[in-house]
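Please walk through this structure with me, one part at a time.

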Amino acid sequence: MAESHPKQVTSSGKSSRFPGFYKLSVAERLDKLDAWHPLTPEEKARLRGQSLPLDKADMMIENVVGTFAMPLGVAVNFTINGKDYLVPMAIEETSIVAAAGNSAQLIRENGNLTAKCEATVMEGQIQLTDVPDIAKAINVINEAKARLLGIANEQDRMLVSLGGGARDLYCRKLETEGGPMLIIHLAVDVRDAMGANAVNTMLETLGPLIADMAKGDLHLQIITNLCDKSLTRARFEINVDCLKWSKFTGKQVAERLVRAYQFADADPYRATTHNKGVMNGIDGILIATGNDWRAVEAACHAYAARTGRYRSVTRYHIEGDKLIGEIEIPLAVGMVGGVTKLHPGAAIVLKMMGISKRAELCEVIACAGLLQNLAAMRALVTAGIQKGHMGLHARNVACFAGADGELAVEVAKRLEEEGKVTFDRARQIIEQLRSKK
Ligand code: MEV
């Protein structure tokens with residue numbers, strides 16, 4: 001069905017359908033991508049070899065003793081808001097890249113996928129303790145708001161010239177075990193940056209001024225990664241018929257998917273693993289693009305717990321003959337500055353994606369998380385995860401047992417046929433095949 005489906009024309013004029021991509025060699029895959037955003041021979045060589053040279057690594061952190069490589073894969077088939085995307089993922093776990101591409105293919109052929117990043121606003125916090133009259137301090141700060149925002153904006157004229165800058169400043173009285181505190185939030189439109197530098201610089205300028213106004217003690221001045229004023233939402237809908245699997249009708253698979261979501265939404269034990277599956281689709285893109293995946297992890301999990309219970313970050317329901325899946329997450333990512341530019345591999349990956357806007361990157365990331373979740377749940381509610389991932393698991397076991405190239409493919413095939421994927425059996429098969437040669 002996939003092969004015979006007419007090639008879709010998308011608003012980018014490029015198709016992310018690459019039938020048989022997985023069968024090619026690494027070099028052939030890179031050449032195939034020439035039809036997309038062509039990479040120079042040097043860039044291709046860098047991706048195939050050392051994407052982070054030692055001298056660059058030595059400047060990035062302390063006490064460097066080497067670099068640590070990970071596989072970089074490309075998930076194909078994504079169409080988001082009518083435009084095709086290639087989705088690079090740096091990740092060590094088998095099946096994730098393939099699963100994302102499979103879900104994307106299912107949706108491009110049987111439904112649609114849309115996403116919207118609502119804003120590029122990051123917030124920072126100033127912590128004041130021992131404020132003698134918090135209500136009065138809030139009034140004084142509110143009255144000075146315009147002036148304070150002006151001072152904040154003087155700290156980053158470049159950001160302001162790009163259309164960003166400090167937008168809002170508001171106060172919260174926070175009850176803590178050490179007594180009430182006054183917390184001041186500064187909201188900054190950071191445009192295409194992650195924004196930590198810009199926000200922290202503004203906070204450290206405003207902190208002493210505000211502490212003076214409030215007559216309180218100044219403590220922390222730091223960005224919050226919980227950027228819940230800049231949520232990204234993604235949504236797919238697909239015809240349930242395309243979900244048919246073995247003895248289950250498509251409608252039944254869709255109903256089982258909804259049941260699986262309801263389980264995750266009601267139970268933190270399941271939600272943790274469910275959301276881990278979502279992050280499988282997200283972290284790889286963050287790493288490949290040089291973004292701070294710990295910031296995004298922390299924000300997504302905090303957002304999942306915003307009602308007081310840790311819940312699913314995705315939602316599923318059925319409308320008529322359609323299954324609808326949705327995700328809503330805070331994504332603190334950047335396209336400019338920081339590691340995105342320092343790491344040569346990350347810069348090449350961003351070029352390959354053909355994206356220059358933070359909001360667009362957020363939309364791709366949210367879609368990858370949602371589709372990864374769909375893929376995992378589809379396997380769980382049908383074949384089960386072990387069977388569903390048997391092929392790739394077998395290939396890994398074959399490699400661990402000492403096979404590579406053609407031999408690994410043959411050993412994996414035999415393991416799968418026998419239905420017994422163990423290291424010992426892989427070793428036996430390798431020995432048998434080698435002795436025949
Ligand atoms: C494994 O990396 C991810 C899953 O456990 C996610 C899930 O259970 O939904 C398969």
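Rings of Phe, Tyr and Trp (its six-membered ring) are paired here if their centres lie within 6.5 Å; planes under 30 degrees apart make a pair stacked, over 60 edge-to-face, and the rest tilted. By this rule there are 4 aromatic pairs. In one of them, Phe18 and Phe21, the ring centres are 5.4 Å apart and the planes stand at 45 degrees, so the pair is tilted.

This is a predicted model, in which local features need pLDDT of at least 70 and side-chain atom pairs count only at pLDDT 80 or more, while totals for chains, interfaces and linings use all residues. Residues are numbered from 1 along each chain as its sequence is written, and side-chain values use heavy atoms, with hydrogens and water left out.

A residue is called buried under 20% relative accessible area, exposed over 50% and partly exposed in between (1.4 Å probe, protein chains only). Phe18, at 10% relative accessibility, counts as buried, and Phe21 counts as buried at 8%. Elsewhere, one aromatic cluster is formed by Phe236, Tyr261 and Tyr316.

Some rings have a charge over them, meaning that NZ of Lys or CZ of Arg is within 6 Å of the ring centre and within 35 degrees of the ring normal. Arg294 lies over the face of Trp293, 4.4 Å from the ring centre. Arg306 lies over the face of Tyr303, and here the distance to the ring centre is 3.8 Å.

Which residues are around the ligand? They are Glu93, Arg270, Thr273, His274, Lys276, Gly277, Asn280, Ala376, Leu380 and Ile385, where a residue is included if one of its heavy atoms lies within 4 Å of the ligand. Helices are DSSP runs (H or I, at least four residues), numbered from the N terminus. Helix H10 (268–288) and helix H14 (358–381) each supply at least two residues of this shell, and H10 gives the most, with 6 residues.

The last stop is Val421, in the loop between helix H17 (405–418) and helix H18 (423–436). Val421 counts as buried, at 16% relative accessibility.
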